[in-house]
Amino acid sequence: MRVPSFVADTRTILEMIKFEHTLFALPFAFLGMMLAAEGWPSWLTVFWIVVAMVGARSAAMGFNRLADRRIDAENPRTASRALPAGLVSPGWVAGFIAVNCALLLVAAWQLNPLTLAFAPVALVVLLGYSYTKRFTWASHLVLGLALGGAPVGAWIAVRGAFAWTPFLLCAAVLLWVAGFDVLYALQDVDFDRRRGLHSIPARFGVVGSLWISGALHAGVLVALGALPTVYAAEGGPALGWGYAVGWIGCLLLLGYQHWIVRPGDLSRLGAAFFQANGLLSVWLFAATAVDLLAGL
């Protein structure tokens, strides 16, 4: 049986944007959500937060692929992606982006007025990131900010108000994402330099990038270490051994990344990027959830 073209194109787009990697940001959104609720909020709130996250991440990745399609076509590592390979049309991807932007806005509207007001700002960062590597090597930090908005948005979705705790968590996510994106960008250092694109590896070289990534990840541990104090000062429950175990897990996983990625051996970048980082976000969320729900 022939698969309808719209089904095939949608499947191609989902593969193109690595839909399964929503796992990276969703646990941090859940973490912001649970800290705001001091436990588990209503399932309706959880549902709309998930819808908002899926819409935001899918729109951002789709726009990134659309904006970079000509650059991707020139890069041997990315030339086989769906758009440069002609597997899906730019128009179809643009429609996919529009649908997911609408999905984010509808979900924000269903949550509360402040979430709806925050959503367009989030979209500007999410979509604007795609152009930053054309003019600044700090593009990794903008990507981190894009994902760092997840716990802030989830906190606002629950409380309808700002606080310092979600912004500290945002800082941790920003540094975490920027740190591993610097490592990931090591694959394209030569291409970026030839093409005139900006990145920390293109600007500071492999060794310098490894040191910068390490410093960014050290900042993650500092921010996460300070979070229980800030949270308690804002009236939240004390975070105990459960959260401490989560922090130790982050320390070990970040250390693992920097142990296996070395100046003379970048062959294990895939393991550092996908395995360690996917596990880190899930681990910290699970440990904190146990802490909040069981009072450990």
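## Close-up views of a predicted model

**View 1. The side chains of K133 and D68 form a salt bridge, with N and O 2.8 Å apart.** A salt bridge here is a side-chain nitrogen of Lys or Arg within 4 Å of a carboxyl oxygen of Asp or Glu. The pair joins distant parts of the chain, 65 residues apart: K133 lies in the loop between α6 (113-128) and α7, and D68 in the loop between α3 and α4 (69-74). Helices (H or I, at least four residues) are DSSP runs, numbered from the N terminus. This is a predicted model, in which local features need pLDDT of at least 70 and side-chain atom pairs count only at pLDDT 80 or more, while totals for chains, interfaces and linings use all residues. Residues are numbered from 1 along each chain as its sequence is written, and side-chain values use heavy atoms, with hydrogens and water left out.

**View 2. D68 also meets R134 in a salt bridge between side chains (3.3 Å, N to O).** This pair again links distant parts of the chain, D68 in the loop between α3 and α4 and R134 in the loop between α6 and α7, 66 residues apart. D68 counts as buried because its relative accessible area is 1%; the cut-offs are under 20% for buried, over 50% for exposed and in between for partly exposed (1.4 Å probe, protein chains only). K133 is partly exposed at 22% relative accessibility, and R134 is partly exposed at 30%.

**View 3. R77 and D188 form a salt bridge, their closest N and O atoms being 2.6 Å apart.** The two residues are 111 apart in the chain, with R77 in the loop between α4 and α5 and D188 in the loop between α8 (164-185) and α9 (189-195). R77 has 31% relative accessibility and so counts as partly exposed, whereas D188 is buried, with a relative accessible area of 11%. Elsewhere, salt bridges that share partners join D68, K133 and R134 into one network. The whole structure holds six salt bridges.

**View 4. Helix α2 (residues 26-37) crosses helix α3 (residues 43-67) at roughly 145°, with their axes coming within 11 Å.** Axes are lines fitted to C-alpha atoms, for helices over the stretch in contact, and angles run from 0 to 180 degrees between N-to-C directions. L26, A29, F30 and M33 in α2 contact V46, I49, V50 and M53 in α3, where contact means heavy atoms within 4.5 Å.

**View 5. α2 packs against helix α7 (residues 139-159) at an angle of about 35°, the axes being 7 Å apart.** From α2, the residues F28, A29, G32, M33, L35, A36 and A37 meet A150, P151, A154, W155, V158 and R159 in α7.

**View 6. A nonpolar surface patch consists of L105, V106, W109 and L116, with about 360 Å² of accessible area together.** Patches are made of residues with over 30% relative accessible area and no salt bridge, with like charges joined within 9 Å and nonpolar side chains (Val, Leu, Ile, Met, Phe, Trp, Tyr) within 5 Å. Accessible areas come from the Shrake-Rupley method with a 1.4 Å probe; for residues, only the protein chains shown count as cover. Helix α5 (residues 90-111) gives the most to the patch, with three residues. L105 lies in α5 and counts as partly exposed, at 33% relative accessibility.
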